[in-house]
Amino acid sequence: MKQILDLRVLAAEQLNERYVLLRLTADKQMPDMEPGQFAELRVDHAPNTFLRRPISIHFFYPQSNELWLLVAAVGEGTRHLCTLKAGDTLNAVLPLGRGFTLPAGACRRYLLVGGGVGVAPLLFLGARIREMGGEPTFLLGARKASDLLQLECFRQYGRVFVTTEDGSEGEKGFVTNHSLLRQERFDMISVCGPGPMMHAVAQYAKQSGTECEVSLENMMACGLGACLCCVEKTVDGNLCVCKEGPVFNIKKLLWQD
């Protein structure tokens, strides 16, 4: 059940020049959350920022009532969010959207593919898959080594493979060029990241006959399906990504091959 909450910043960790990890808590117990869901954050004290900003849930610890959000400073709103410090208050609507499919039956071997800030929902997803008896493997891509985030955190839950465009860490190239895709097969591929990367991984999944879900990053304003700015064409008609997604099976999407 979604709630509007004032969250308190426990810590704001600068991971590199662009990314900040916000660790948050609340005075009341936060609602249950699923990997792939997101929060709509109000940007206070920013006169030119009128709309909330959608940020993927990076991790949630219900026992300690602690939420992690990974924020990339890409515009005025997110740059302002990246200036938050311990003790500040952040108003959020959460959790929103439909998350990733979790292990069931024989579906156990998951490949989690992420690039850029798209790695954000995959840490929580990998933890839940591991908790439910599945086997997560992470394939993470970045432009250069310094853009790879929290690799040690990901390694707590599964194997981690990386690519960098400049070859500074892991294999050189894009995630779809990694040798892992030629050497192993998986029951499910879960993807989040830049559009071209998701399209390329979806094409690989179709060719290999592997089930695949992608977390779309369409522009979202309300997060509730009211403003219609995040509409995506699907086999079921035009659907709001913020409400019917952001996670979709690629079989539902009318992407051009």
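How many residues line the largest pocket, and which of them lie nearest its centre? The largest pocket is lined by 50 residues, and Arg18, Val74, Val117, Gly118 and Glu217 are the ones nearest its centre.

## About the model

This is a predicted model, where local features need pLDDT of at least 70, side-chain atom pairs count only at pLDDT 80 or more, and totals for chains, interfaces and linings use all residues. Residues are numbered from 1 along each chain as its sequence is written, and side-chain values use heavy atoms, with hydrogens and water left out.

## The barrel

Let's start with the sheet. In the order S1-S2-S5-S4-S3-S6, 6 strands close into a barrel with antiparallel pairing. On average, neighbouring strands of this sheet are turned by 45° against each other, direction ignored. Strands here are DSSP runs of E with at least two residues, helices are runs of H or I with at least four, and both are numbered from the N terminus; two strands pair if DSSP finds at least two bridges between them.

Strand S1 (residues 3-14) and strand S6 (residues 89-96) run antiparallel and are joined by 6 bridges. One of the pairs links Arg8 to Thr89 in S6. Helix H2 (residues 120-131) packs on the sheet, touching strands S4 (53-61) and S5 (66-72), and the direction of H2 makes about 30° with that of S4. Contact means heavy atoms within 4.5 Å, while axes are lines fitted to C-alpha atoms, for helices over the stretch in contact, with angles from 0 to 180 degrees between N-to-C directions.

## The pockets

A pocket is an open set of points on a 1 Å grid over the protein atoms alone, with protein on both sides within 12 Å along at least five of seven lines; lining residues have an atom within 4 Å of a point. The largest pocket has a volume of about 1300 Å³, a volume being the space filled by probe spheres set on points joined across faces, edges and corners. S4 gives the largest share of its lining, 4 residues.

The second largest pocket has a volume of about 210 Å³. Its lining includes Phe59, Phe60, Phe124 and Arg128, and H2 supplies the largest share, 4 residues.

## The cavities

A cavity is a set of grid points where a 1.4 Å probe fits but cannot get out. The count comes to 2 cavities of 30 Å³ or more. The largest cavity has a volume of about 50 Å³, and residues including Gly116, Val119 and Asp147 line it.

The second largest cavity, of about 30 Å³, is lined by Leu111, Val113, Leu139, Leu181, Val201 and Tyr204. Strand S7 (109-115) and helix H5 (195-208) each supply at least two residues of that lining.
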